[in-house]
Amino acid sequence: MSHEAVLHGDAHGHDDHGHHEHHDTFLTKYVFSQDHKMIAKQFLITGMVWAVLGGLMSVLFRLQLGYPDSTFPFLEDLLGKWGKGGRITPEAYYALVTTHGTVLVFFVLTAGLSGTFANFLIPLQVGARDMASPFMNMLSYWFFFAASIVMLSSMFVETGPFSGGWTAYPPLSALGDASPGSKTGMDLWIISMALFVVSSLLGGLNYIATILNMRTKGMSMTRLPLTIWALFFTAVLGVLSFPVLFSGFILLIFDRNFGTSFYLSDIFVNGVGALPNEGGSAILYQHLFWFLGHPEVYIILLPAMGMVSEILSINSRKPIFGYMAMIGSLFAIAILAFLVWAHHMFVTGLNPFLGSVFVLLTLLIAVPSAIKVFNWLTTLWRGNIRFTPAMLFAIGFVSLFISGGLTGIWLGNSALDIHLHDTYFVIAHFHIVMGVASMFGMFAGIYHWFPKMYGKQLNNTLGYIHFWVTIAGAYLIFWPMHYEGLAGMPRRYYDFSIWESFKQFGELNKFISLVSMIVFMVQLLFLFNFFYSIFKGRKLTNQNPWDATTLEWTAPINPGHGNWVGEIPEVHRWPYDYGKDGVDFIAQTTPVGADESQH
Amino acid sequence: MSTATVETTKSWGGGKSPFNVEYGKLMMWYFLMSDAFTFGAFLISYGTIRFSTNGWPDPNEVFRSFPFAPEGVHAPLVFVSVMTFILIVSSVTMVLAVKAGHEMDKKSVVKYMIWTIIGGIAFLSCQAWEWNHLHHEGAWWGRNPFLNADGTASSTNFTNYFFTITGFHGFHVFSGVIINIIMLIMTLMDKFEQRGHYLMIEKAGLYWHFVDLVWVFVFTCFYLV
Amino acid sequence: MSHTAQHEENHGNGEVKKVTIILSVLTIVELILGFWMIGITSEALRLAIKGTIIILMMAKAFYIVAYFMHLKHELKNLIMTIVVPLGLFIWFIIAFLYDGNSFRNLRNTYDPYFKERSTIKVEKKAEGHGGGHEAGASHAAADTTAHAKDTVSVENKH
């Protein structure tokens, strides 16, 4: 192998044969595939399975919150002893809440979102045959798969899955006797998360190396689509923050199993010290957790931002407004993500002065976020907008990001946070800005790149129904929660009906639960659309169905392993030449003409 | 100045690595950066707990033994300085192995790799001896027989952190030795001669130096300050 | 191989030798400072020495990364992508240690048990460590109840 080949990675080794399906068996093509496109689909479908499970969990605990006095016999059939007498037991309720959070945050919106789209889009959009190391890429998926299996199995142990909240604060996570779920359930939870950290590390290193090293000729960093920039910063965030969580978990394992007291300060029962060892600090765990936890929020959000930028520009038939400002604000968000973690801890015993520094740093995030929002709006401004389902979801993302982001400014103030912390206000805030918004980004991405993934079209009518019900439902579910939170209704409570002051919200809770069920049903409609279209969808006839400029649409309709037949195309311009000089769009591969105007 | 700008645009222009390094080395660097955050988190947690505790044992009172010492003779810092020098020397032999690899000098690569592996094993043996010795004194995870410098009872977090962090570092040394042995075997099998380059040795070298680098911090945090 | 061959010339064995010597000298200085510190009781001076040791530690780290890990001879872009993210450690360290310190003050002010525990002197156990586990158990008996209970329970496990 020549030195050049060494410099450019393994994947370039098979330059001479773009397709080599002849020696692919079922196992190497669909299961242990090293093709980035297949790995992306594996991530996507595993993520979908988890999204359905996680969504179902939320429907179940919404049932308890909305109808605390009613019994539903089917719950006993479904959950066994956890649903005795047709009512979810308190232990099961906490287990559901915890698993819902863990699964949605890590498995769906981290692995399912950036795992899918980083794998799928990075090689295709930068112009590479595959990831830098396809083998490590495959390992990344299988570590995620192992994490999934372990997490799933924790739901079937006798004492139930972990039930101390997705943040797994000690002592609930450190003491095996703290709650039923703190025993085997917690052990499995922590093993699963450790496997997940390995998976995201393997993936992240690959994404970074691919974006830096394997861009095609002419694809300079400032000609990269914003999706790639966003995925790049996502990978950097993951590589730098997950190891801190990993360390925190190792210390937690020692606290659980080897008699240490890293996180256990002291607990007294009837005046007698209840812990064998003491002298640690539970706040330390929270620091370590949120040092990951806050970047994690942006790991979830940035890929969605990148895809939305791309989709807004394509479907407005206008260049993205402020390309460099978009990159700069991504960079600023990535840096600030590491500096603001303790705003999750204002009332847990954090030093108040330190808290005020964190307030300042937190509010700084508003600046790059506002830059992004205004750039999206100005991209739409006087555009020739095509309301495809992908575009609707992208616009929905912007709307949700604004609504959820504004409440972030409230929560970022430590003084207001004394009242608002751990109430439904927080639930509303992060579900809108991080949960549902990223979900919208993911849906936008799926609707937009489905033709590239499977060579088929999704059904548009079902897409429109999906969008309108989901956006209405998202606001109907989470908007009222702001009022509940302002009234002081705390999160993670099993039953509010016994408090006089929260009785007024009984009907509202019922309404929220009802809407959440409808929204869940509509997601099933989307899944039907997705799987039906893979097999029976309208076949794609046009290589470039959206008239987009980026490289992935220059590849064949169903690209084989290696993506392009023959040479990898060379890039001559940035990816946002829409409506330039009266031309609808100019692909990145088109050389710059002599009399072309500057952009 | 203008040539420099041209150089930069060219190196970032795509079609080649902007840093003129292969992807494996790039990944190794970023993996080490990530691992630096793992160790950083450990050491910073250690610092945090130390800052939030009244009193802490004096390392010179704790780490004052060395093998074959006569009864009653205490020499703080002596044994750990030996360990530190072992690791520095093995790092130097690794540098020489990498250099020999660049010069395609198989014989020197083999020689220096063997020395590096010996250094690694020597370090691990020292650590095993020290752990064993401390264990005999009654120290372990969750057990701390040592007193604070001011004579008050000490928190078990002193030993908890010591064993966790040196253990995690020792695990890295151990995996480094395994990697180096694999590299040695691959060299002996002429794998790198066939490939025409010894870049794998270079990546193993980066990992090995990182282990040495971490020891610099562990050594300072636990034994000196 | 042109790039590799090119910078092979400007740092031969001489550089390795030089860096080895520098690292050894720095370590020896650190050890001397460490020994010196044993007899010193003045808190301010101890702090100053500790500060010096940490600066020396950073210098050692620099030499290992720059020369042994070869970073100094890489392109500037690569250096930047590796060094700049490490800047995140600054705030990481400051915030964590500051809050750790604050947690101690908090407990010393509002947690009498915590404060009291840290003032109880334990008589120094006999010199020499022939006793092994027994040494640990005997000193624990003089300790606070909570501590004693834990040691006993640990002993029972064995």
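**Where the two chains meet**

Two residues count as in contact when their C-beta atoms, placed from the backbone, lie within 7 Å. On that basis, the contact draws 40 residues from chain A and 34 residues from chain B. On the side of chain B that touches chain A, α2 (23–51) and α6 (157–188) of chain B each supply at least two residues, and α2(B) gives the most, with 14 residues. That side of chain B has 13 nonpolar, 17 polar and 4 charged residues.

**About the model**

This is a predicted model, in which local features need pLDDT of at least 70 and side-chain atom pairs count only at pLDDT 80 or more, while totals for chains, interfaces and linings use all residues. Residues are numbered from 1 along each chain as its sequence is written, and chains are lettered from A in the order in which they are written.

**Helix α6 of chain A**

Let's turn to one helix.

Among the buried residues of α6(A) are Tyr141(A), Phe143(A), Phe144(A) and Met151(A) (buried: 20 or more other C-beta atoms within 10 Å of a residue's own). Their cover includes α3 (36–66), α5 (90–126) and α7 (184–213) of chain A.

**A pair of helices in chain A**

The axes of α13(A) (residues 389–411) and α16(A) (residues 460–486) come within 10 Å and cross at roughly 10 degrees. That makes α13(A) roughly parallel to α16(A) (angles under 35 degrees).

Residues of α13(A) including Leu392(A), Phe393(A) and Leu400(A) take part in this contact, as do residues of α16(A) including Tyr464(A), Phe467(A) and Ile471(A). By class, the contact has 8 nonpolar, 5 polar and no charged residues.

Methods: Helix = DSSP H or I, 4+ residues; strand = E, 2+ residues; numbered from the N terminus. Nonpolar A, V, L, I, M, F, W, Y, C, P; charged D, E, K, R; others polar. Buried ≥ 20, exposed ≤ 12 C-beta atoms within 10 Å, placed from the backbone. Axes fitted to C-alpha atoms, helices over the stretch in contact; angles between N-to-C directions. Parallel < 35°, antiparallel > 145°, perpendicular 65-115°, else oblique.
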